[in-house]
Amino acid sequence: MSKEVMEGRSWVMSAEPRNSGPRRPDAGLRWGSRILLATLLVVITDIALQPGFTRPASILGWDKLEHAAAFAALAVFARGSFPQLPSWLLALPLAGYGLWIEYAQASTAVGRTPSVADWVADLIGLVLGFGAAITVRTILEQQRH
């Protein structure tokens, strides 16, 4: 602890470098995952809130499959973005995000119909995505040892 902090003058700049340890090897992967997670959230929100008459054509051919795939991708990038947090803590806000999308689709401005089945597909995607991310992480850790 610096002399300034010990004397109660923590507002004084310290000459001690912060984070002076070696750089974490996964730092670039975490930041890349965070950028992709944020981008994916923006894209999914945009697609989900398109008015009913201008909605883009189906990419995977079945609406529920697209919900599951989108939320599986969110789960994978959330896991990569915050590896220190438990999966359930990452899943809660993502599940809430899916519920919010369905609620927002009910507004007259969007003109789409909310669906419990869509939200269930979102939850299934989260389970599959977190399961895949945990499986890959476990395999990689076993290969290291």
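Me: Accessible areas here come from the Shrake-Rupley method with a 1.4 Å probe, and for residues only the protein chains shown count as cover; what does the accessible surface of the protein chain come to?

Reply: The accessible surface of the protein chain comes to about 9900 Å², of which 68% belongs to carbon and sulfur atoms. This is a predicted model, in which local features need pLDDT of at least 70 and side-chain atom pairs count only at pLDDT 80 or more, while totals for chains, interfaces and linings use all residues. Residues are numbered from 1 along each chain as its sequence is written, and side-chain values use heavy atoms, with hydrogens and water left out.

Me: What makes α3 count as a helix, and how does its reach compare with the expected span?

Reply: A helix is a DSSP run of H or I with at least four residues, numbered from the N terminus, and α3 has 19 residues. The expected span is 1.5 Å times one less than the number of residues; α3 reaches 27 Å from its first C-alpha to its last, close to the 27 Å expected.

Me: Why are residues such as F71 and L74 in α3 called buried?

Reply: Buried means under 20% relative accessible area (exposed is over 50%, partly exposed in between, with a 1.4 Å probe and protein chains only), and the residues of α3 that count as buried include F71, L74 and A75. The buried residues of α3 pack against α2, α4 and α5, where contact means heavy atoms within 4.5 Å.

Me: Which residues touch the most other members of the largest nonpolar core?

Reply: Such a core is a set of buried Ala, Val, Leu, Ile, Met, Phe, Trp, Tyr and Cys residues joined through side-chain atoms within 4.5 Å; of the 16 residues in the largest one, L74, L126 and F130 touch the most other members. α4 gives the most to this core, with six residues.

Terms used: Accessible areas come from the Shrake-Rupley method with a 1.4 Å probe; for residues, only the protein chains shown count as cover. Helices (H or I, at least four residues) and strands (E, at least two) are DSSP runs, numbered from the N terminus.
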